[in-house]
Structures are given as C-alpha cells and as structure tokens.
Amino acid sequence: MRTFGNLLAFSPELWLVAGAALVFALARFTSGATTTAAALITIILAFLALATQFKQTLTILDGAFLLDGFAIVVDVIILGCAALVLLAGAADILPGETPSPALPGFLLLATLGAMLAASAAEMIALFLALELLAINLYVMAGLARRGPAASIAGFGYLTVGAASSGLLLYGLALLFGLTGQTRLAAAGQALNAVAPNQAAVMLTLSLLLGGFALRMGLLPARWWTRGFEVGVPIRVVMLIESVGVVAAFAVFGRLAATTFSSSRIAYPAVIAGVAAVAMTAGNLLALTQTSVRRLLAYSTISQAGFALAALTNPKGTGISALLIFLVALTLTSLGAFAAVIAYARSIHSDAISDLAGMSRWSPGLAIALAVALLSLAGLPPLAGFFGKLLVLQAAVNGGYAWLAVVGVVNMLFAGLGAVRIIRTMFVDPPVFEVTPARLDRGIRASVGLAAAGIVFMGLLLGPLYAAATYGRNALLH
Amino acid sequence: MTLLEAVPTTTAAPAQFPTVLLSAMVWVPAIAAIALLFFPARTDLHRGRIRSFVLATTGVVLGLGVVMWYGFRDQTGTYAYEETRGWLPSIGSSYHLGVDGVSMPLLLLSAFLFVFAVLASTRVREQPKEYFVLLLILETGVNGVFASLDYLLFFLFWQLQAVPMFLLIARFGGPRRLKAAWKFLAVDLAGSALLLLAILILYFKAPVRTFDIVTLHDVALPAALATMICWLFFIAFAVRLPVLPFHTGFIDAQAQAPAPIGLVLTGLTVKLGGYGIIRVNVGEFQDAWHKIVGAVVVIAVVTVLWAAIAALAQDDLRRLIGYIVMSHMGLVLLGAASAAPVAVNGAVLLMLADGLTAALLVLLAAAIIERANTSSIAAMGGIAGRMGRGAALWVLAALAAIGFPGLAGFIGQLLIVLGAYPSHRIATPLAVLGILLVSGAMIWAVQRILFGPLPERHGRIRDLGTLELANGVGLISLIVLLGVLPAILMDSINFSVITLLSRGGG
C-alpha cells in the first residue's frame, strides 16, 4: 500500500489522462472546436489540481518521481505553454485542410509526458516520461494530413528523435554503470564518493548533452526548414519549442544540479563552450534567413545557447535564472509563432519581403510580431532582455564573464536582425494588395496574451523571481 | 573661479510635492501611447482627435514639469522627488527615480520640446497614430533617462529610444531616410552595448551587488578598473553626443528626419549624451575622469573645430544645423572635462540653450526647405523679401545659436570658456576659435538664405503660417527668458553642480 499511497499526488497528471481519454472519445463524433475546448478545460483543471500542491514536496512511487518546488514551477510553465499552444494552434489550418479532431488529445498526452519528466527523479521514469512526450510529438507531426511533404518531414523528425533517444539512453546506461544507482540524487553522491574514471564521466555528460540537444533546440534541424506550406505544421513546432524545450531544460537542469554538480569534472566549461557556439552560430544562421519561420527556427538555437549558459552556474543563481529565462523564451517564441500563424491566414506566404506594409493592413499584428522579435533578440525593456540579463548574471557569477560578453554581442546583432524585419513591416510599402483575413478568438487571444506578457514581464519580475528562487532552493535543498 | 562657487543658502522651506509627479512625467506618455492604440484613425475627425489627445498628453507632462519645478526651486538635498520602490531585489535593482539641479532643467526642456514637436507635427497626414505612439514612447525614454537613479533603469530608458527613433526616421523622413535611419540605429545600438557593458562590469566588480547610482557612488573600486569603466561610459555617451568619428549617423539622421523628430534629435537625444557625461563620468567617477581628461579635451576641441569647419563648408541647411549643434556639444564636453564648477554650470546651461535654439532652427529650416523646395543653401536667396516673419525669427535664432549676449547661448558659452580656461590654456582658445567659426558659418548662411537676389522660382513663396509663427515665438520667448533671467535656473543648477563636484568619489 505504501507504494501507491501517494498516487493522489499525481492528480494533475491524472486529469490530463482523463482529459485525453475524453478527447479521443469525443473525436469520433465531434469537430475540432469541441475537442479543443475540452482540452483547454482539462488544462485548467490540471492547473487547479496542481495549485493544491503548491509549497509541498511529495515523493511518489518509491522515489521514482519527486514533486518538489522545482517540478511545480516547471509544471506551471508547461501548462501555461500548452494552453497557449492550444489556443493558437487551432487556427493553424491551411486552405482545404481538415485537421484530425483528436489532435488536442495528443497535445494533452505530450503535456503529461513533459510534466512527468519535470518531476522524474529516477532514470527509468525519466526516460519513459521523455519518450511519452516525444512519441506524441511524432504522432502530431505525422498527423498533419498535408500531403507527402508533411509526412516526410514528420518522418524526418521521428528519425532524428529516435537517434537522440538512443544517445540519451547510452548516457543514462553509462551513468548507471558508473554509479550503480538509478536515482539521480544517489547517482550524484556516488559520482562524488566512488570517483570513477573522469573521462568516462565526461563521456556520460557528452552523451546526455547530445541526447538532449535536439529536444533543447540546439540542433539546426532541417526537417522544418522547408517551404511554408509543407513541413511540420506550426502548431506542432510551437509545442516542440515550448513544452518540449522546457521539459528538456528542466530535466537537464535537474541532472546538472543534482547529479553532475557533485562530480569532479569541469562540466561548466563544457556547457559554456557549447553555449557560446550555439548562441553565435544560431544567431549567424538566423540573420541570413529570408523567412520568419526559418528565422525563428534558427534563433531557437541561439536561445538554447543562452539557456545552457545559465547552467554554467547550477549551484548559484543559475537554476532560477534558467526558470525565468524559460518563461521569457516560451512567451516570446509562442507569441512570434502565433503571429506567424495569424498573418499566414492573410498572405499565405512566408517570405520576410512579403510582410512589407504589414503595419498598414494589420497594425495590431505587426506590433505583436515586432514586440516578439525584439524580445527574442533581447532588447530591453522586453521579457527577453530580463531573461538574458539574469542568465548572463548567473554566468558571470559562475566565473564565465567571457560568456556574458559573447552574449551581449549576440544580443546586439540579433537586435539589428530584428529591426531589419520590423523595417519591412513598418516602413516598406506593401508589395501586393492584402485583405486581412478574419481571425477567430483563440488566435487573437493568444497573440494578445503573449504580447502583453512580453511587454509587462519586467514589471512582474519581482514575484516571478521569488517563484523561481523557490524552485531553485527546492532543487538544491 | 569665485564667480559661482559659493553654495547658495536657501532660507525658504522647500515646498513638498508628492514624488509621484516624477513617475507621472515618465509614464504618462507611455500610458497615453497604449491608450492611443485603441483610437480609431479612419477619418480626418479621428486624426484630429488623435492629435488633440497627444497634445493634451504632452501638455499634462509639461504642466507636471512646471509644478515640479515650482516645488524644486528651494531644494536642499542631493536629489528631489526621490522615489524608491523594490523592483528586482534579487539582482539589486530598484525603481529609483529622483532629480537634481542638473536633470530637472533638462527634464523641463524635454517637456517643453515635446509640446513643440507635437505642435509642429501638422505635416504628418499618413498614419498619424503610428507616428504619435512612437513619439510618446520616445518621450517616456527621454524623461526616464533624466529621472533614473538606477543604472539598470537608466539603461532601459536609454535603449527604449532606439527603435522608435529608427522607425520615426525610416517611416516618416526625407528621401534618403532609410540609409540614415539604419546608420543612426547601428551607431546607437553599438553605443548602447558599450553602456550595458560598462554597467555590467561596474555591477559585477563592485563589492555590493547593486545597480543603484547613489549607493555605487560610495563604493571604492581599484583605480585601473574605475578608469576602464569611466572610458566605457564616456565612449557610450560620446557616441550620442556626438563626438568626431561617430557624428555621421547623427548628421544624416538630422538631415533626413521629419522636422519634429529632428527637433527631438538635436534638442534632446544628443543632450542625453552630455547629461550622461555630467551625471556619470563627472559625478560618479570623478577621480578616474581626471585621469582621462587629457584625451577627452583633445576630442572635445577637435569636435568643436571639425564641426565648425564642416558647418562653413556645408551646403545642406539641415546638415548645417546638425554641425552647429555638434560644435556646441563639443563645448559642453569641454566644460564637463574641465570639471570646474563654473564650466559645468555653463555646460548645463548651454545644453538647455542649445536645445531651444536647435529646436527653433530645425523648425524654421524645415519651413524654408518646404517652401523653397530645396535644402541647398546655394539655391536659396532673397527669402527675406517674401517671408518677413520667417526672416525675423531666423535672424533671432541665428543670433541665439552663435551666443549673442542677451540670448540663452551666450551665458553658457561664456561660463564654459571662463571655467575651462584656467585648467586648459591651449584648448580653450581653440574652442573659442571654433565658436567664432560657427558664428561665421551661421551669419554667412543667413546672408545667403535671406538676402541677395530672389531666384525666379521662389516667386510664390508664402510667409510662416499662424501655427508656425506661434511655435517660433514660443521658442524665442523661452530663449530670451533664459538669456535675460538665467538666475531662475542658475541657482539650482549651481547648487547641484557644486554638490556633484564636491562629493568626490571614484
């Protein structure tokens, strides 16, 4: 009985399971609007269930899952992202496309996987949770019903994802082999006590980093950089870029803070090197793009580099900086993607040059996209700036001042890149006549919410930072 | 040296006004900008309503500024209207606002100039909503820099100006606006990056983790580090000022920006550079500042002379004004570099005077360029015969710009020269030569524009309209007021400059 006594602590996750089951049942005889609404209500119920667990620390299933402050903070971010994706994603429909009404169910299951991964404290549970997330993403990518190109893109994602799962599994197996422990905290203590071969520990870390690279958004994944009307739908990309990235960084943050921080390898140096390369390369790639979608795709590499930079200092303020940065990043990228979905309804094109004169045919959308792009670049006083500022502060405190200089230079160039697009939207005359399409309430709400969040996050930074510090303290005891 | 050195003693008890006035001066424009987003802009009536709303907003800010000034005159502490709220306690940044005798007059200048900028924005027919939203955000940025007593806040407001300024120039400017806007933005962002770098180095190297300007003043840093930070701050501010190698972005932007934006650019944006140098370099890093002052004086004098010579050779009227402002900002830099109370007083006063005269010059130049349909001075001539009022205002503005006694610029330039001469006996005469060259350029330009034969095609030129005339007269009255009665500002400026300089610090 003791084993399952705490199962009620899973109540947010159980709501998601029940909601997904309901959505799959409803999907047989209702439309996408109904299932989307059901999924949204489920997310709200899951959030309320989570709210009853605030400020607690619960060990579930003999320590396989640890619902601590860190997991709760991450869960809140994940649920918020899922709700925004759901709101905006319903509008990502191409002319003639009828998306499966079961899609919100897979979204709920992916969210479930991400939440489980955030609280997983043991390797097997961790891997299973990540796979639950990944498999649902593969399904959503494959369910595009947009012709063969979309299926190929979905299959490409499956292949890269499987390879990265393999690397992750090798890394976890090696960690188990070195320490004889499957629990992350115990493995960390064993790494310190047993002091195994340092090269092997470094290899473990590299394998894990490699396994997480795709999920964190560190890889220039080719599968979504094809043309606009082909490839993975944005509603899936949004989910990968928000829920998936948050889960990956939460798990890697937990690994860095509880397992590797007590080892003797110079792992922050490795992370700093990867971070510097990623933020610079991602930026250079993004600056040369001619489509907003690709620009966003490549800029995620740079953002992942910034998020990694926070982990150079996991014992100090790195974890709280990471959490704040993830809030800013998801708000920003979801806002940008939602704006892309919204304007794509009107112009059916992806080229930056076709955005010319957008401020005339859709001023509100132009402002929202401009705000999101500037925040993505890290220009103050928007959300992205505060996230990056805290990350750079953590890096400098951890002794990586050069990384902060790289970051500031990157912010400068990214700012110029963002202004280039904003010039097209606000200054250039329109290249063709555009009749703005009518947008439904969901996409309008998500664009507006994200833009308001980006602009006003600076004001709420005090309470946000308190929450992030609470999460960090829970992780580091 | 005894001219203004005595600390004025105040007898009257200072009037107490709530500190929220200062916050209101900063945030009212931003709130109005957000409100403006929801205004319809389809018909002429709507557009007129938008204009009236924005005018009322800047008017409210001006009213707040005047009330603040009234309560400020008898200020006794270092900062007045000081407001501190917890904002980011975890990283040591707080919402800390406050003004002293250096920032308060400049804040008042900003409030005045934005009213004139809105009044002068009658030519914006297309998309006035977008234009005014950006203008109001710009006002929040400018006022915020003057009011901030926290480095992070200071940087946020500083950076807030870049994108609106870019869009205002690129969207509403002259024929070569895009190139000018890009150049301005690139130079400005590079300056901002240096500013951020300076602030971050200061933050991380100081023993207390805080962004608070007042707290950091009392922190002792190693001399070499302080010198490096001082250099970084100086370069970041000098880019805005602008000094010699960085001026082309400003000159191009000034030539291409729409007139009201040119007014803000020359009247306020460049003054922020001068303000930053006085507030941070002179006020906070005085010991380090004394070490780098040799180089700074050279830069200042070269800027004054180069700008004066460029003004003599300049044929484009708007660019000419840009060079004259640049030359004056070089003088401001010389005054700040000498760190003598008299000269720093002069620098603040010259910034105020130059803000007003530059605004007047830009507006008049835009009026003439619009009528003559050319910005080339050589192609103008004899306009005085057709534009009686315009010519009178133009002559007055030119006299104010060259520092004619009785007008505002004179006292500022005089104080800088008097204050800087004892410590810089070669540089100051060279700067005086620059003042003379600027005067020559200005008088020569007046002669070529206003007098001489009237070219055939200028036959149907109109005189200034009522609104243009009212703008001009308003600005000229302020210039005369400041020239005849500098004491209304001088006491407070002097009090704060002495406080600033006598606190020492490094």
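Colleague: What radius of gyration would a compact globule with 506 residues have, and what has chain B?

Modeller: The radius of gyration is taken over C-alpha atoms, and the globule rule is 2.2 Å times the number of residues to the power 0.38. For 506 residues the rule gives a value near 23 Å, and chain B has 22 Å, which agrees. The C-alpha trace of chain B spans about 70 × 55 × 45 Å along its principal axes.

Colleague: Which conventions should I keep in mind?

Modeller: This is a predicted model, in which local features need pLDDT of at least 70 and side-chain atom pairs count only at pLDDT 80 or more, while totals for chains, interfaces and linings use all residues. Residues are numbered from 1 along each chain as its sequence is written, and chains are lettered from A and ligands numbered from 1 in the order in which they are written.

Colleague: How many helices and strands does chain B have?

Modeller: Helices (H or I, at least four residues) and strands (E, at least two) are DSSP runs, numbered from the N terminus. Chain B has 19 helices and 2 strands.

Colleague: What span does helix 11 of chain B reach, and what span is expected?

Modeller: The expected span is 1.5 Å times one less than the number of residues. Helix 11 of chain B (residues 259-284) has 26 residues and reaches 35 Å from its first C-alpha to its last, close to the expected 38 Å. A bend is the angle between axes fitted to the seven residues ending at a residue and the seven starting there; helix 11 of chain B bends by about 35 degrees at B:Leu265.

Colleague: Is B:Asp188 buried or exposed?

Modeller: A residue is buried if 20 or more other C-beta atoms, placed from the backbone, lie within 10 Å of its own, exposed if 12 or fewer, and partly exposed in between. B:Asp188 is buried because it has 25 C-beta neighbours inside 10 Å. This residue lies in helix 7 (residues 177-205) of chain B. In helix 11 of chain B, 26 of its 26 residues are buried, and for chain B as a whole buried residues make up 59% of the 506.

Colleague: Which residues does B:Ser375 contact, leaving aside neighbours within four places in sequence?

Modeller: Two residues are in contact if their C-beta atoms, placed from the backbone, lie within 7 Å. B:Ser375 contacts B:Asp316, B:Leu317, B:Arg318 and B:Ile369. B:Ser375 is found in the loop between helix 14 and helix 15 (388-401) of chain B. Its burial follows from the 20 other C-beta atoms within 10 Å.

Colleague: How many residues of chain B are in contact with chain A?

Modeller: There are 25 residues of chain B in contact with 21 residues of chain A. Helix 7 of chain B gives the most to the side of chain B that touches chain A, with 9 residues. By class, that side has 20 nonpolar, 3 polar and 2 charged residues. Here Ala, Val, Leu, Ile, Met, Phe, Trp, Tyr, Cys and Pro count as nonpolar, Asp, Glu, Lys and Arg as charged, and the others, Gly among them, as polar.

Colleague: How many residues does the largest nonpolar core have?

Modeller: A nonpolar core is a set of buried Ala, Val, Leu, Ile, Met, Phe, Trp, Tyr and Cys residues joined through C-beta atoms within 7 Å. The largest has 401 residues, and those with the most contacts inside it include A:Ile78 and B:Leu334. Helix 14 of chain B (residues 341-372) gives the most to this core, with 23 residues.
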